[in-house]
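This report covers confidence, the contact between the chains, helix packing and strand pairing. The structure comes first.

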Amino acid sequence: MNLYRTFVAVIALWGSGFAVAQEGQTLTITSWGGAYERAQLSALIEPFRKETGIDVKLRQYVGGIEPLQRRDQKNNPEFDVVDLVESDAHFACDEKILINFESSMLDPAADGTPAEEDFMEDAWLDCGIAHIEYATVVAYDERAFMEEKPSSIADFFDIERFPGKRALQRHPRAVLEWAMLSYGIPPQQIYELLSSERGLNLVTRRMNQIRDHIVWWESGSEPAQLLGDGTVVMASGYNGRFFEATMNHDAAISVIQDGQLLEFGVWGILRDSPNQEAAKKFLRYVTGTQKMADFSNRIPYSPTRSSSIRRIGLHEKSNVSMLTYMPRSTSSTSKNVIRIASEWYSRTEKVRERWFNEWLLDGEN
Amino acid sequence: MVTFNKDDIKTIILRIVILAALGSAIGAVVSLLALSFVEAVLWLNRNLLISPSARIQHSENTLFLNVATVLVPTLGGLAVGLILRYMVRIRRGLGPSDSIWMVQTRSAGESTKDGLMSTLAAILSLGTGASAGQYGPLVYLGTIIGAVAAKLNFEIRNLQAISIASGVAAAISVAFNAPIAGLVFAHEVILRHYSIQVFAPTAVAAAVGYVVANVMFNRPALFLVEFEGVQFGYEFVFFAVIGVLSALLAIVYAKGILTCNDLIKRTNIPIQFRPMIAGIILGLVAIWIPDVLGIGSTSLRFATIDHAFELSELTVLIIAKIVLTSICLGFGFVGGVFSPILLIGILFGALCGGILDDFTAIGHSGIIPYAVCGMMAATSPIIGAPLTTILIVFELTRNYDLAIAVMVAVVFSNLISYRIFGRSFFDIQLHQRGFDLSLGRINALTVYQKVTDLMHENFLRLHPHETVASVKEKLAKSWYDEGIVTDESGVFVGIVQVKALDNYTPECSINDAIEHNPLVFTELTNMREAVEDFKTFTADIAPVVSSTDRKLLGVVWDYDVIRSYLATIQRLRQEENESL
């Protein structure tokens with residue numbers, strides 16, 4: 001025991017010495033705000049500040065690569081480290097905005113398993129590392145459906161059986177896959193069939209069924225609010241946000257276990273950031289086995305490294321087992337899980353936008 | 001119980017090793033080539049605005065899209081025409097019927113170079129949007145590799161059939177992600193018999209093909225459906241009805257292709273320009289109905305989705321696809337008949353299901369079983385492979401109910417089509433080329449053996465002016481019972497039987513004793529005709545004369561014909577019962 005204490009003390013001393021050396025440096029990092037930001041702060045940022053003395057500033061970011069290209073007065077980018085959705089990460093990599101990534105930039109697991117083996121195979125991107133997998137899901141207000149509950153994605157489009165407003169992201173995403181799924185199209189064929197006029201016509205037909213019942217949302221924290229205040233009865237949104245509303249704010253929200261859309265959250269470092277060393281240190285720190293587990297114990301986005309998954313336990317406030325709320329969780333009755341094809345998304349950007357705008361215009365006429 | 005000595009066992013083990021290795025090697029090579037073929041077609045489709053996903057990227061620029069829609073198949077047709085005219089000896093695309101012919105007649109078939117050129121023409125045809133199929137060319141690709149492997153000298157009987165069957169099995173296994181279907185297809189369509197000797201290497205090749213395609217490259221399946229099961233017993237009656245109707249549809253389709261082929265042959269349009277004409281017609285129609293372009297796998301996947309097509313749209317598309325596929329294949333685009341009929345059939349099935357849903361109040365299990373039944377019931381008579389079609393459904397959907405529904409439809413379809421038009425489109429093609437498999441393998445095979453192979457020149461040649469006495473003496477000295485009479489220039493006149501001479505005085509000429517219309521063969525007579533003729537004529541010798549100037553070439557003895565016929569039967573038996 002004494003030996004252990006000595007060891008801890010040495011580490012702490014070494015750490016504080018380090019902190020002095022790095023004093024005055026500040027990293028700017030993107031954040032998705034709300035519950036996500038709170039989990040980031042308590043699980044990753046605060047401990048990092050304490051251990052390294054490097055200050056970390058979080059700045060709101062709502063996606064896209066345009067904010068990553070902006071420059072301040074010194075012609076430096078506004079961010080050092082970015083937390084991106086997978087499709088943006090691919091795009092940013094192609095645009096040479098991010099530095100190239102190597103497995104040596106990450107620490108092995110506690111038991112010595114090298115990072116290459118510990119992380120999921122798909123997690124390795126050319127310019128970043130996927131650290132979480134999150135799901136876009138449909139949730140409903142339990143109070144609105146006291147008898148039969150919506151249970152499939154088709155129910156989202158069924159106004160007769162499940163009347164009421166639906167909240168949807170004002171963006172041609174997720175609802176495309178769900179519309180296809182509602183016809184019984186197998187997940188494996190969805191993207192191919194979506195890439196055709198006929199496929200988009202099928203989506204249009206479904207969207208027309210709910211046209212007069214849509215409330216649009218833009219930021220990730222809105223869907224849970226809209227459900228909570230009774231504006232809508234169903235909403236698309238991120239699984240972690242719905243979890244947070246249920247656990248921390250006692251919202252009567254349930255998630256439909258059909259048609260989860262999985263996507264990675266990816267860490268990357270901006271190529272033009274002047275704080276390369278600190279940024280790399282940060283990335284090494286937050287991708288550590290325990291840190292990734294700490295984060296996922298606060299919000300149910302599953303870590304992409306298996307040693308972290310083994311450290312997931314109970315939610316700190318509500319004492320529920322976090323594993324059951326993770327995307328693609330084996331304990332849930334999820335079916336038709338779809339991995340978002342980020343490559344397809346970047347390829348069809350224009351087509352999707354055009355289709356969406358036309359559909360919106362059709363409604364106005 | 002058979003006993004073996006040491007050498008036998010050694011040979012058997014060696015053979016097993018060779019055949020397994022051969023099967024794996026052919027399977028691996030064919031599957032990689034087949035995947036490259038499919039990828040090449042997809043690449044062309046994407047870059048030449050054939051595939052729906054490419055077309056949608058340009059849907060704003062209508063003029064550009066329309067020009068491309070007409071230009072691409074037109075120029076593609078020209079390229080295909082030029083390849084066929086100048087680089088393929090027989091000036092047409094090669095396909096499964098050629099594979100069948102090679103295996104059944106044990107002939108070498110066209111050269112490897114011609115085969116590869118035909119494959120290139122197929123890639124261009126399908127890549128530039130011709131309404132045709134990819135499985136035919138893939139089967140022939142498997143055949144090319146099989147035929148090359150058959151040239152290796154392993155001292156194994158039936159090596160050519162084994163190799164080609166393995167190549168074909170691997171191609172189908174890769175193309176459909178269905179190894180069992182690949183194995184059965186090779187037997188049902190190409191080999192026409194089952195023997196352990198061929199079965200083993202073919203199965204190995206199909207399995208290797210499956211591993212390469214599915215495990216290594218993870219190819220998407222042709223179609224996927226989620227089907228809960230047939231809910232009402234009476235629906236099987238509907239499946240049977242769809243089977244019957246699909247058979248009629250298949251017959252219209254086959255006749256369409258043959259008719260278009262006849263039509264274009266009657267014109268003076270040179271071969272190199274024929275596919276181009278089909279390309280122009282296809283392009284113009286595709287401006288209005290883009291679904292007719294190419295292999296049509298996206299449309300096929302939409303067909304199982306409820307209301308993805310309006311009923312009127314389905315009707316128009318079925319007709320357009322039949323007409324345009326007939327024109328494309330009839331006018332010389334290189335491609336198969338398999339994929340288009342899959343699409344036509346599934347659209348037809350979806351139409352039947354849709355009608356049932358929209359116009360009747362009868363309960364049913366949704367559109368999926370009807371669409372899939374239509375697809376396979378229309379396809380089975382075309383490729384002549386009922387078991388394969390049932391297995392494809394079973395392997396792709398792993399759904400027992402659906403496989404049973406398809407089985408009912410396919411059985412009824414085959415009953416009808418076999419009566420009206422025969423076993424398959426390939427057999428009709430072969431029949432047109434003079435090889436009639438409907439008579440059985442033995443008869444089909446003997447058509448390719450000529451009597452001239454059995455002809456010899458040991459006979460007694462006589463002249464009309466010789467006397468009865470001298471001829472009698474000649475015959476007595478020899479062991480012949482008859483002499484063959486020719487004139488001075490060697491033209492055949494008739495036969496003189498020794499018995500007939502007894503009616504004439506010794507000093508008169510044999511002229512009156514000549515039998516002028518005995519059984520006569522020409523150099524064109526085949527073994528089957530010879531056997532038939534010897535059955536009806538009571539002769540034991542038949543002169544063979546030139547079909548052009550009737551000069552005597554030699555004679556054929558009846559016992560030689562019978563011996564050869566029996567040997568052929570024996571060889572087929574042996575092949576069909578051959579073990580390792």
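## Terms for helix packing

Helix axes are lines fitted to C-alpha atoms over the stretch in contact, and the angle between two of them runs from 0 to 180 degrees between N-to-C directions. Two packed helices are described by that angle and by the distance between the axes.

## Model and confidence

The model is predicted. The predictor assigns the complex an ipTM of 0.77 and a pTM of 0.83. For chain B the mean pLDDT is 90, and 99% of its residues reach 70 or more.

## Helix packing in chain A

Helix α2(A) and helix α11 (residues 239–249) of chain A pack with their axes 9 Å apart, at an angle of about 85°. Angles of 65 to 115 degrees count as roughly perpendicular, so α2(A) is roughly perpendicular to α11(A). On the α2(A) side the contact is made by G34(A), A35(A) and Y36(A), and on the α11(A) side by G240(A), R241(A) and E244(A). By class, the residues of this contact are two nonpolar, two polar and two charged.

A further packing partner of α2 (residues 34–52) of chain A is helix α12 (residues 276–286) of chain A; the two axes come within 11 Å and cross at roughly 125°. That angle makes α2(A) oblique to α12(A). The crossing of α2(A) past α12(A) is right-handed. From α2(A), the residues L44(A), F48(A) and T52(A) take part; from α12(A), the residues are K281(A), F282(A), Y285(A) and V286(A). The contact of α2(A) with α12(A) has five nonpolar, one polar and one charged residues.

## Contact between the chains

How many residues does each chain bring to the contact? Chain B provides 14 residues and chain A provides 14 residues. In chain B, α2 (52–57) and α12 (297–303) each supply at least two residues of the side that touches chain A. The most comes from α2(B), with four residues. Sorted by class, the side of chain B that touches chain A consists of seven nonpolar, four polar and three charged residues.

## Sheets in chain B

Strands of a sheet pair through backbone hydrogen bonds, either parallel or antiparallel. One open sheet of chain B has three strands in the order β1-β2-β3, with mixed pairing. Its edge strands, β1 (461–462) and β3 (492–497) of chain B, each pair on one side only. Strand β2 (residues 482–486) of chain B is antiparallel to β3(B), and five bridges hold the pairing.

In which sense do β4(B) and strand β5 (residues 541–545) of chain B run, parallel or antiparallel? They run parallel and are joined by two bridges. Opposite T522(B) stands V545(B) in β5(B).

Technical notes: Residues numbered from 1 in each chain as written. Chains lettered and ligands numbered in written order. Predicted model: local features only at pLDDT ≥ 70, side-chain atom pairs only at ≥ 80, totals over all residues. pLDDT = per-residue confidence, 0-100. Contact = placed C-beta atoms within 7 Å. Nonpolar A, V, L, I, M, F, W, Y, C, P; charged D, E, K, R; others polar. Parallel < 35°, antiparallel > 145°, perpendicular 65-115°, else oblique. Left-handed = near helix turned anticlockwise from the far one by under 90°. Pairing = 2+ DSSP bridges.
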